[in-house]
Amino acid sequence: MAKIVEFEVTAPSAERVCLAGDFNNWDPSSTPLKRERDGNWKTRLKLTPGRYEYKFWVDGEWKEDPKNRLNNPNPFGTANSILEIR
């Protein structure tokens, strides 16, 4: 059964923030986040149980989720954040 998952990142000076990961073929343009008044950016996705890797795309730069300590090294010398849905 799918669950609604909220993704959030603080980037008060950003012009554009998107989310990319296994769930959208790493396409940063397919999942934009909405800016809140407090400088946080948010989106919600409906995801089925499983393990997902993801990153935020903030003004053209990849960023790990600073609120998530789970990560996995990627082939580019950085790491992807990990989300596990049970």
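Visitor: Which residues touch the most other members of the largest nonpolar core?
Guide: In this predicted model, Phe 7, Val 17, Leu 47, Phe 56 and Leu 83 do, out of 17 residues in that core.

Visitor: And which elements give two or more residues to this core?
Guide: Strands E1, E2 (17-21), E4, E5 (50-58) and E8 (79-85). The largest share comes from E5, with 4 residues.

Visitor: Back to Val 17. What does Val 17 touch, leaving out residues up to four places away in sequence?
Guide: Val 9, Ala 11, Pro 32, Leu 33, Trp 41, Phe 56, Trp 57 and Val 58. Of these, Phe 56 was also named among the core residues that touch the most other members.

Visitor: OK, sheets. What is the strand order in the open sheet of 3 strands?
Guide: The order is E1-E4-E3, and the pairing is antiparallel.

Visitor: How many bridges join E1 to E4?
Guide: There are 8, with E4 covering residues 40-47.

Visitor: What stands opposite Phe 7 in E4?
Guide: Thr 43 does.

Visitor: Now Glu 8. Where is the place of Glu 8?
Guide: Glu 8 lies in E1, which covers residues 3-10.

Visitor: Which side chain does a polar contact join to that of Glu 8?
Guide: The side chain of Asn 40, at 3.0 Å.

Visitor: What else does Glu 8 touch, again not counting residues up to four places away in sequence?
Guide: Besides Asn 40, Glu 8 touches Trp 41, Lys 42, Phe 56, Asp 65 and Lys 67.

Key:
Residues are numbered from 1 along each chain as its sequence is written. This is a predicted model: local features need pLDDT of at least 70, side-chain atom pairs count only at pLDDT 80 or more; totals for chains, interfaces and linings use all residues. Side-chain values use heavy atoms; hydrogens and water are left out. A polar contact is a pair of N or O atoms within 3.5 Å; within protein, one must be able to donate a hydrogen and the other to accept it, and residues adjacent in sequence count only if both atoms are side-chain atoms. Contact means heavy atoms within 4.5 Å. Two strands pair if DSSP finds at least two bridges between them. A nonpolar core is a set of buried Ala, Val, Leu, Ile, Met, Phe, Trp, Tyr and Cys residues joined through side-chain atoms within 4.5 Å. Buried means under 20% relative accessible area, exposed over 50%, partly exposed in between (1.4 Å probe, protein chains only).
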